[in-house]
Amino acid sequence: MRIAIGIDTGGTCTDAVLYELGTNRVLGQSKALTTHTDLSQGILAALDGLDPALCQQAESAGLSTTLATNACVEGKFRKTRLLLMGIDRTGVARYGAEYGFTDPDGLRYLPCRTTITGQVLEEPDWDVLRSHAREWFADAECCAVCEIHGMRNGAVLEKQAARIIEEATGLPTVCASQLFSGLSCLERAASAVLNAGLLPVTQEFLSAVATAFRARGIRAPMYIVRSDGRRMGLSYTAEHAVETLLSGPAASALGGWALTGRERAVVVDIGGTTTDIALIEHGEPLLSADGIRVGQWKTQVRGLAAASFALGGDSAVRWTEHGELRVGPGRVRPLCVLASEHPEILPVLRAQVRDVPAHTLPLHEFLTLERKGWRALGLPPEDCALCEALEAAPLSVQQAADALGVDKYQLRTAHLEKQGVLIRAGLTPTDLMHVRGDYTAYNREASILALRFAAASLRLSPEALCARVYSQISREVFCAVLQMLLEHESPRFRKNGLDGGVRELFRLQWEQARDGGSPLLLCGLHTPAALVGIGGPVHLFLPAAAEALGAACVIPACAPTANAVGAAAGRLSVSVCAEIRPHGLNPLDAEAGDFEVLCEGLPPRCFAKLAEASEWAAAQLRELAETRLRAQDAPGEAVFALKEETDESSVYLSTRLTVTASIV
């Protein structure tokens, strides 16, 4: 029996499974809370729910995580300062917002001149960088460097700049063109900024898994699911954290397919922090044609055609000052969970609801300390005072304001929450599940008290508020699935997004499904693909969305731990590409040849005949694919597959060769 361990660490829960390779059989599954202060504790708790003897027999361990996704969606990755060379503030102001750079003044600029081929015509003034480095990067936790043509010259200027920054500041610095070779400078820069900011997140996760495995005597080699659904080795992951951006959604798609075998499906994973959606066609997860976008950032990371949005069991249930209900996008700890760990908050919560039964502020919420190393951040005195107070115990909003000697309206904690120093605990869909009896693992009284306060603040009955939140989550899942399908089918929607008119049609179709809608109009956007639901609470929200889409709803038996199944079921493979095209630069030069080969990592080369060009390119790609596969710590014999695509109508345009190397 060939056994693999699968582990998925999300923002809320850590799941573990034992998976039999070849039969797709789940031999055991376990779920535990993710422990953000020490991830290894949550991983150990999940592993301890599995058969220890089988764990020690495992031949491999697949890992996935939504920690990187969550950090981007919530804007909580480490603060990174970008240095751009060869592109100035004007260029960023004009084009930067499309890639996530909404504040041109927040970047640093160093002039230089290079050609499109990478030739350095004028080096940057390195003395300027040396003298200003401490000032430029004073408030950063890490740095990224991008030169406009760095992908053409081996990132020679980027490497020099990185050395100077690291020597002057001691900050870890990432070179964009060593990660990605795409032509778009700002896309490479965005990818590098995310990579730098996510490295600590990913390294903490990998270290925690290694610690847990050592503690339980598990020696299986570990691999992590990357954004395109393939696995990568730990040494590669340690330098390419940005490749884990859609690790969780990719594992969702793999798990949904492995558990159902559906040839076409929309996999919907409703987790604690985010809801992730991926498409399956012909039994394979669909890949995005372009670099993936997460939150505001457009990157050069190849990944699934997937969408992630901030809605889940831990989404904050709040209200505006005008009494409008809001579910998300912010994440808080469920009060039922906090009360289980700190029962001393219950008397405080009871008194709060009794003395102030309703308010425009979320006075039922508590602040908790999340980041142990907060003292190293150089926080201002008032922030340090709050963190010191929270080291003893969680504090309610009112208690925190009193501890700082400020009015509750003047309590400012958003910046500390964004840095991951603090996290709030408040009313969430998970709490409402406890009230309704759909899920009762933690302290139900805290959920009831918080619901009573929120309902009074919204002038609703507790029952009506529960129903509205459940319906709103189902509606948002319905709209997100429909948007995903429309953008997949239509280049126009993919490029421009959906306008208000289309969203109004979504609303009409949802209301039609819920209460019959108009007697004169039927809206009918449907999908023949099944909606495959995974994640703990998916059975509460997906059926209504599937009904509105006229789709089958499939929720497999192991839905709560399907991400871990996907991590275990993944495989090691690498694809590399080359393009052959007519060489028209100098038709009078016979030695140049008629066909030019552009191959990853190699200078262009010309051939007289197409067959010769194809043969050479295929050989180079095979060698490159195996080299990159072995860099992923891949054991065993590699299997190669060659795919050839020719673009021609009335004349020959190009041939694209792709070689994929895999470990079976």
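This is a predicted model: local features need pLDDT of at least 70, side-chain atom pairs count only at pLDDT 80 or more; totals for chains, interfaces and linings use all residues.
Residues are numbered from 1 along each chain as its sequence is written. Local features need pLDDT of at least 70, side-chain atom pairs count only at pLDDT 80 or more, totals for chains, interfaces and linings use all residues, and side-chain values use heavy atoms, without hydrogens and water.

Q: Is helix 16 roughly parallel or roughly perpendicular to helix 17?
A: Helices are DSSP runs (H or I, at least four residues), and strands are runs of E (at least two), numbered from the N terminus. Helix 16 (residues 429-436) and helix 17 (residues 444-457) pack at about 105 degrees, with axes 8 Å apart. Angles of 65 to 115 degrees count as roughly perpendicular, under 35 as roughly parallel, over 145 as roughly antiparallel and the rest as oblique. The angle between helix 16 and helix 17 is therefore classed as roughly perpendicular.

Q: Which residue of strand 29 is the bridge partner of Phe-595?
A: Two strands pair if DSSP finds at least two bridges between them. Strand 28 (residues 595-599) and strand 29 (residues 605-607) run antiparallel and are joined by 3 bridges. In strand 28, Phe-595 is the bridge partner of Pro-582. In strand 29, the partner of Phe-595 is Phe-607.

Notes: Axes are lines fitted to C-alpha atoms, for helices over the stretch in contact, and angles run from 0 to 180 degrees between N-to-C directions.
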